Amino acid sequence: MSVLEVSNLNLGFMCECGFRQALYDVSFSLEKGKTHALVGESGCGKTVSAMSIIKLLPKNAKITKGQIIFGGKDLLKLKNKELRPIRGAKIALIPQEPMTSLNPLYTIGNQLLEVIKIHQGLQGEQAYKKAVEALEKVQIPCAAERMKAYPHEFSGGMKQRAIIAMALACNAEILIADEPTTALDVTIQAQIMKLLDEIKKNTDTAILLITHDLALVAENADCVSVMYAGRIVENAPKDEFFKHPNHPYSLALLRSLPSNSDKKLQTISGLPPSIQQDIFGCKFHPRCEKCMEICTKEVPAQFKIKDNHYSACFLNK
Ligand code: SF4
């Protein structure tokens, strides 16, 4: 069941050279109890797409078109005051670097209690109990004792757990996990992803996983959207995507994954375009081995490959 629908989201930035479009008709949906991965290289628009949901955007960003429907409302039409009870409570963010969300001057307990008081309306003993329970649920040992710790006394993995505890304490319906394990050791990465998986299964939370790491997607996602230069170029259920990838960019990304064989690691030639660059037609065409004449002139539509599998490439015309 769909809990959030992003449709035809268009966004741009006001730069020195004028207004530059950065997102083009981005559409995807999040389902209860499922993880949807937005994948792509740095600068492809995945983070700004996710941040549009909670309107945590740079000042020079402007959404020019689209809808983001959550709980029967278009989030893009809500004022900041109306968004506040949703942001951080019903839709919570797990950032790449947890210190961007934790205040170094307050204890973990204080920060957790504040969130519970504001979003759950609980006070005193009840709020304290809920905070300790949330820390226990994310497997922080000696939770009651750890309430008194400051963020700098927590390891990277524990800080990430504390942020997940805040989302749990508010019964968040959606978790936006923005490269949640990039700053962590490999073993801790696996623990955090396992924890997110357990939360998803136990509480029916929908997860939007922002990542450049296809191995993480293979292990943790249910559905994949591949982004390139501000557009979703391929969208499919996870198993279908890894069995039958279609878009030349997805294929190139998959070929650049390390494997156990002796095969040399392949790279994608060239760089993704910046938003200052004007590229006509398919924005991948300067890097695409299969580029045809039409690709330099027209923007490919989303062609249906199979049920729920779409690819924006003229090879499917
Ligand atoms: Fe390559 Fe053309 Fe497909 Fe773009 S539309 S990915 S340039 S073949």
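Two strands pair if DSSP finds at least two bridges between them. Helices (H or I, at least four residues) and strands (E, at least two) are DSSP runs, numbered from the N terminus. The views show a predicted model, in which local features need pLDDT of at least 70, side-chain atom pairs count only at pLDDT 80 or more, and totals for chains, interfaces and linings use all residues. Residues are numbered from 1 along each chain as its sequence is written, and side-chain values use heavy atoms, with hydrogens and water left out.

**View A. Strands E6 and E7 run parallel and are joined by four bridges.** Strand E7 comprises residues 174–178. Ala92 stands opposite Leu175 in E7.

**View B. An open sheet of eight strands has mixed pairing.** The strand order is E6-E7-E8-E3-E9-E10-E12-E11. Strands E6 (91–94) and E11 (303–306) stand at the edges with a single partner strand each, so one side of each lacks a neighbour in the sheet. On average, neighbouring strands are turned by 20° against each other, direction ignored.

**View C. Helix H3 (residues 108–120) packs against helix H6 (residues 156–169).** Their axes (lines fitted to C-alpha atoms, for helices over the stretch in contact) lie 9 Å apart at an angle of about 20°. Angles run from 0 to 180 degrees between N-to-C directions. H3 and H6 are therefore roughly parallel to each other (angles under 35 degrees). The contact (heavy atoms within 4.5 Å) includes Leu112 and Val115 of H3 and Ala162 and Met166 of H6.

**View D. Helix H6 lies across E6 and E7.** H6 runs at about 180° to E6.

Terms used: Angles under 35 degrees count as roughly parallel, over 145 as roughly antiparallel, 65 to 115 as roughly perpendicular and the rest as oblique.
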